[in-house]
Each structure stands twice: as structure tokens, then as C-alpha cells.
Amino acid sequence: QMFAKGTFHADIHSDNVMVDKDVNIALIDLGLIGTMNPQQIEGAKRIMKGLLLHDVNVLYDGIRDMHASADGEQKAEENRRLIDQRKKIIIANIKKIFRKHYALNKEMHQIVEAISREGLPGAQDFSSFMKAFITGIWLFPNTPQEGLKGMNALADALGMDRGQRNRTLFVHAWPEMRDFVWQRVKNYFADLYLTRAAWRML
């Protein structure tokens, strides 16, 4: 729906999500809905494709489209010129983030923060879309397999071919697995610490 109609739930959190006995997910409290115009929808698709493939130029083009058309077609060309003046800085920041090999949800957060600092036209639209997307996709998965399944669903929505899908898995499988294992290790030691503390109190 986000890529087809340009509408999305702009306030996703645990209190706004319901799950039935068949594990079907429903979003409630539709008081805050984000909308995108056709140019922004295409920009959003490029942003996601650039993130999945770690393609800096595709991601930049998406960011440019998302921001430039925020104020309507009359100001789009002027906005594009303003954004292109920041192109080198934006691309340098994206490359720096990609080199750190974060898990995809953290990578998206870092991109939002880096782009928001540039003060580009349409920044609010970009930020709202990205934050809603991050929360919507990764609110539920808690294993690498589920995270990668989410990426495959996203690749379907973007119409990515087999080569692009393989590239996505190559880029993101290790960070997702690394973060999962690290979280498990932290949980183990936290449980161990709490167990020892409980024994001391007896």
C-alpha cells in the first residue's frame, strides 16, 4: 500500500498493533496517516532499493526525488538544485554509513539522521516515511531468518530481479546474524547476573 497508494501509518508502535489468534496483524489508531505524491512514491522505491543493494547513487536519486517534490511541481526544480548543491556531502555520508555494515534497521536510522542534518526541502516528509517504514518492517521480526524474510518481501514490492535479491542477501545477511548473536550473548550474561544477584539475596 505504501508503494501503490502512497499512504502509510505514521504512528506505528506496540499499542497501535493488534495480533489475532491466527497471527494476522492489524494496525489501529489511524489518526496520523502519512501521504506521498507519485514522485515521492518513486523516490521512496529508489531509497529502499539503494539501501538493499548498497547502491549510493540509486539511494541519492531517491532522496533527491523524495525531497524535491515535497512542495509540488512548481518548486521541484528549484529544490533539486538546492539538493544537488549538497550532493557530495550527502553521498560521502552515505558511503561512511555503508562502510560500517550495520544491520538494515540501524543503517536506515543512521541515514535519516545524516540526511536530516542537511536541512533539505521536504525533510519532514522524508523523515516521517523512513521512521514509519523502519518501525513497520522491523516491529515484529526477532531472528535473522525473519529479518531476511522481510527483506525478500520488500524486494518483491520493489520488483527486484534474482541478481538484485542475491546482492541484497550478500550485503545484509552477515550484519543481521551478527546483531542477533550479539543480542543473545548480552541476554545470556544479563540473565546470569540477575540469577547470581537473586542467589545472594537468599
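Arg46 is partly exposed in this predicted model, with a relative accessible area of 33%. Its side chain meets that of Asp65 in a salt bridge, with an N to O distance of 2.3 Å. Arg46 belongs to helix H1 and Asp65 to helix H2, so this contact ties together parts of the chain that are 19 residues apart in sequence. Asp65 has a relative accessible area of 16%; because buried means under 20%, Asp65 is classed as buried.

Side chains of opposite charge can pair when their charged atoms come close. A search of the whole structure gives six salt bridges. Among them is the pair formed by the side chains of Arg64 and Asp84, at 2.9 Å from N to O. Here Arg64 lies in helix H2 and Asp84 in helix H3 (residues 73–84), so the pair links parts that are 20 residues apart in sequence. Asp84 is partly exposed, at 33% relative accessible area. A further salt bridge is found between the side chains of Asp156 and Arg165, with an N to O distance of 2.0 Å. Asp156 counts as exposed, at 52% relative accessibility, whereas Arg165 counts as partly exposed, at 22%.

The largest nonpolar core contains 40 residues. Those with the most contacts inside this core are Ile47, Met48, Leu51, Phe126, Phe129 and Met130. At least two core residues are supplied by each of helices H1 (38–53), H2 (56–68), H4, H5 (104–116), H6 (123–138) and H7 (144–158). Helix H1 gives the largest share of the core, seven residues.

A positive patch is formed by Lys95, Lys96, Arg99, Lys100, Lys106 and Arg117. Its largest share, three residues, comes from helix H4 (residues 87–99). Lys96 is located in helix H4 and is partly exposed, with a relative accessible area of 47%.

Leu192 is found in helix H8 (residues 162–201).

How values were computed
Residues are numbered from 1 along each chain as its sequence is written. This is a predicted model: local features need pLDDT of at least 70, side-chain atom pairs count only at pLDDT 80 or more; totals for chains, interfaces and linings use all residues. Side-chain values use heavy atoms; hydrogens and water are left out. Patches are made of residues with over 30% relative accessible area and no salt bridge: like charges are joined within 9 Å, nonpolar side chains (Val, Leu, Ile, Met, Phe, Trp, Tyr) within 5 Å. Accessible areas come from the Shrake-Rupley method with a 1.4 Å probe; for residues, only the protein chains shown count as cover. A salt bridge is a side-chain nitrogen of Lys or Arg within 4 Å of a carboxyl oxygen of Asp or Glu. Lys and Arg count as positive and Asp and Glu as negative; His and the chain ends are not counted. The place of a charge is taken as NZ of Lys, CZ of Arg, CG of Asp or CD of Glu. Helices (H or I, at least four residues) and strands (E, at least two) are DSSP runs, numbered from the N terminus. Buried means under 20% relative accessible area, exposed over 50%, partly exposed in between (1.4 Å probe, protein chains only). A nonpolar core is a set of buried Ala, Val, Leu, Ile, Met, Phe, Trp, Tyr and Cys residues joined through side-chain atoms within 4.5 Å.
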